[in-house]
Amino acid sequence: MITRVRIVTAVCVLTAALSALAACAGPEEPGVMRAPRPAPSASAVSPVPPAAKPPTLAPGPAGLTPVFEHGPRTGGKAVALTFDADMTADQGLRARRGERFDNPGLVAALRALEVPATVFMTGRWAEEYPRQARAIGRDPLFEVANHSYSHYAFTDDCYGLPTLPEKRMRADVERAYAAFRKVGVRNPMPYFRFPGGCYDRRALKALTPVGVTAVQWDVVSADAFATDAGAVAREVLDGVRAGSVVVMHCTRSAAPTTERAVRRIVPELREKGFRFVKVSELIGAAGGRA
């Protein structure tokens with residue numbers, strides 16, 4: 001009798017101990033006992049830090065949109081090649097008739113030459129060529145910046161472009177960003193290039209709420225409607241200095257020689273000790289100064 005009582009008591013004690021272990025282990029599969037899990041480490045629960053924001057310039061006088069033309073002239077021979085992907089809001093019919101506002105050969109050349117570049121894209125271009133826009137926007141070699149939605153001028157008398165009313169300027173830029181998001185461009189940059197490079201105080205004030213840095217240039221390639229690739233290359237090679245921003249185009253119909261010019265420009269500048277960077281690197285090197 002005493003032995004039987006001892007057995008029963010031992011079983012009860014063992015059962016209680018197993019129940020306690022099961023409670024510590026939390027919910028598991030029925031009938032399966034597991035040791036308690038260790039608490040997660042601090043690194044496992046720490047949030048991933050957000051990506052650094054792209055560099056921008058401080059607002060200009062009276063809080064106006066800042067304007068960037070070139071990077072520092074010292075501290076390294078860096079140069080940024082920039083390409084405008086132009087297409088106005090009313091050129092869809094011309095595209096449907098076969099006119100090409102894209103230039104996949106140029107983009108392929110930049111990739112083959114491993115040249116970082118900044119593409120100033122219009123929203124209308126992104127809508128016309130969504131796969132290309134998405135591919136450019138997701139390629140770490142490139143960065144996409146804003147060239148307006150409609151490619152209408154922000155001032156009067158700007159190379160014959162239709163003029164955008166002041167009350168529509170901000171909405172036009174924001175519409176371009178919306179078009180980029182819709183086609184899958186990742187992280188478009190807070191940089192804006194005025195169509196034709198035309199701007200005034202009124203335009204700078206209109207875009208202040210958008211928070212962009214306006215990006216101009218100090219080297220004109222003259223590739224628009226050019227037929228001589230050698231002449232385009234010479235314009236760039238003769239004009240580039242440390243920190244230069246070169247303006248070119250990414251449209252076959254309006255700039256048919258750009259790819260050939262780039263294939264000459266890149267190796268010759270590299271032989272002279274220049275390195276190619278995106279606009280964001282030049283702006284970052286400028287340290288918030290226009």
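In this predicted model, the link of Cys158 and Cys198 is right-handed, with 85 degrees about the S-S bond. The pair joins distant parts of the chain, 40 residues apart, with Cys158 in the loop between strand E4 (142-146) and helix H7 (166-183) and Cys198 in the loop between strand E5 (191-192) and helix H8 (201-207). The sulfur atoms of Cys158 and Cys198 lie 2.1 Å apart, which is one disulfide because the cut-off is 2.5 Å, and the count for the structure comes to one. Both Cys158 and Cys198 are buried. Cys250 is also buried, with a relative accessible area of 2%.

| Salt bridge | Closest N and O atoms |
|---|---|
| Asp84 and Arg193 | 2.8 Å |
| Arg264 and Glu268 | 3.0 Å |
| Arg275 and Glu281 | 2.8 Å |

The salt bridge of Asp84 with Arg193 links distant parts of the chain, since Asp84 lies in strand E2 (residues 78-85) and Arg193 in the loop between E5 and H8, 109 residues apart. Asp84 is buried at a relative accessible area of 4%, and Arg193 is buried at 0%.

Arg264 and Glu268, by contrast, both lie in helix H10 (residues 258-271), four residues apart, or about one turn of the helix. Arg264 is partly exposed at 32% relative accessible area, and Glu268 is partly exposed at 29%.

Arg275 is partly exposed at 43%, as is Glu281 at 37%. Elsewhere, salt bridges that share partners join Arg100, Asp102 and Arg252 into one network.

Terms used
Residues are numbered from 1 along each chain as its sequence is written. This is a predicted model: local features need pLDDT of at least 70, side-chain atom pairs count only at pLDDT 80 or more; totals for chains, interfaces and linings use all residues. Side-chain values use heavy atoms; hydrogens and water are left out. Helices (H or I, at least four residues) and strands (E, at least two) are DSSP runs, numbered from the N terminus. Buried means under 20% relative accessible area, exposed over 50%, partly exposed in between (1.4 Å probe, protein chains only). A salt bridge is a side-chain nitrogen of Lys or Arg within 4 Å of a carboxyl oxygen of Asp or Glu.
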